[in-house]
Amino acid sequence: MGTEVVVDVGAVAHGGVCVARHEGRAVFVRHALPGERVRIRVTEGGTEDRFWRADAVAVLTPSPARVEPPCPWAGPGKCGGCDWQHVLLPAQRSLKAAVVAEQLERLAGLRREIVVEPVPGDDDGLGWRTRVTYAVDANGRAGLRAHRSHEVVPIDHCRIAHPEVRAARVEDGEWPGAASVEVVAANTGERQLLVDGEVAEGRRYVVEEAAGRRWRVSGGGFWQVHPGAADTLVSAVLDGVEARPGETALDLYCGVGLFAGALAPLVGSSGTVVGVEGAREAVTDARRNLHDVPWVRLLAGRVDRVLAGTGPAGMPAAADIVVLDPPREGAKAAVVRQIAARRPRVVAYVACDPAALARDLATFAAHGYRLTGLRAFDLFPMTHHVECVAILHPAGEVDYS
């Protein structure tokens, strides 16, 4: 740690880094770009380690895509929230596309050209984050954490935070005894402030609008953080599955019911939608949100257990459509196997991590499902994160025994 050397930067890698080589060792470099020559400072790794992590602390040969970061807190040793503030926005999307393509090929054996699409309301990649959790230091000051660290970096304000989040002025306050402060800015104009997970300002829930409905989301509950995300993802999923009246649809990891609510009018009262969610408060919200749609059934339990029949009853043995939006680690093999066993005619997989998606796609392929469509969206500008919607169809008759 602390060693400084000059390296030539190679390809982008998953996690907001680029790969360089030094004396045969891979070095994962932040704050650099492919093709640059930079001076790096090692931040993690020793002489016996196979790879190092490092920051680019001086740029000797800059990339044409490099810009001055719009945030003074973005850079080596500063806030770790953003990965690509030093990169032109279209180039950020090209980097993300390269990462998705590389993960698909390496982990799933799929070669596919990827285009990362912007979402409505995103002009400069700033001011979009409607949910921000601040860490609080020992002196009661709120800030954001440094990269791969518990260190709290005090800031004036976060440049990617939504204006309504910034209006809460959390950074200007004092929070003695607190560990975290979260601000939620709903698209209906409501704002909520939580201290250590407990609501300190606002109601116990906020109301969001998307997919033609209003959605109750209780404090700390999951909702997409980009204002354009929910409608964008719903549109991509519905275009991909082409739901028909009378069909049975599963919405796995359903949260407060977004995709279940979007599918319900398409399958109609002659169809069925079953949502499954492990967070009980989210299921309570989903039941309230969809109380007017009697053909939607919501089950509280872990998705793997419900699919396997060891959770609450009510999971159909077969389904026409499966939509899943798992956490960052992906659905994993047991869930994929249970989905394939129900032999849906189409699967829509919403993924926030391309590596987890690729691993699960490989498992789907082993159980007779092939990737037929994939869209990628820049729901998290200035960061390395990217959201994908993958559409899968049966590859042919398969023995599911």
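Predicted model: local features only at pLDDT ≥ 70, side-chain atom pairs only at ≥ 80, totals over all residues.
Mentor: Let's start with the word cavity: on a 1 Å grid over the protein atoms alone, that's a set of points where a 1.4 Å probe fits but cannot get out. Residues are numbered from 1 along each chain as its sequence is written, and side-chain values use heavy atoms, with hydrogens and water left out.

Trainee: What makes a residue part of the lining of the largest cavity?

Mentor: A lining residue has an atom within 4 Å of a grid point. For the largest cavity, the residues that pass include V12, A13, W84, L95 and H384. Elements giving two or more residues there are β1 (4-13) and α1 (89-108), with α1 supplying the largest share, three residues. Helices (H or I, at least four residues) and strands (E, at least two) are DSSP runs, numbered from the N terminus.

Trainee: How do the residues lining the second largest cavity divide into nonpolar, polar and charged?

Mentor: Seven are nonpolar, one is polar and two are charged. Ala, Val, Leu, Ile, Met, Phe, Trp, Tyr, Cys and Pro count as nonpolar, Asp, Glu, Lys and Arg as charged, and the others, Gly among them, as polar.

Trainee: Why are α7 and α8 called oblique to each other?

Mentor: The axes of α7 (residues 333-341) and α8 come within 9 Å and cross at roughly 40°. Axes are lines fitted to C-alpha atoms, for helices over the stretch in contact, with angles from 0 to 180 degrees between N-to-C directions. Under 35 degrees is roughly parallel, over 145 roughly antiparallel, 65 to 115 roughly perpendicular, and the rest oblique. α7 and α8 are therefore oblique.

Trainee: What makes β11 and β12 a pair?

Mentor: Strands pair if DSSP finds at least two bridges between them. Three bridges join β11 (residues 191-195) to β12, so they pair, running antiparallel.

Key. 1 Å grid on protein atoms, 1.4 Å probe; cavity = no way out; pocket = protein on both sides within 12 Å on 5 of 7 lines; lining within 4 Å.
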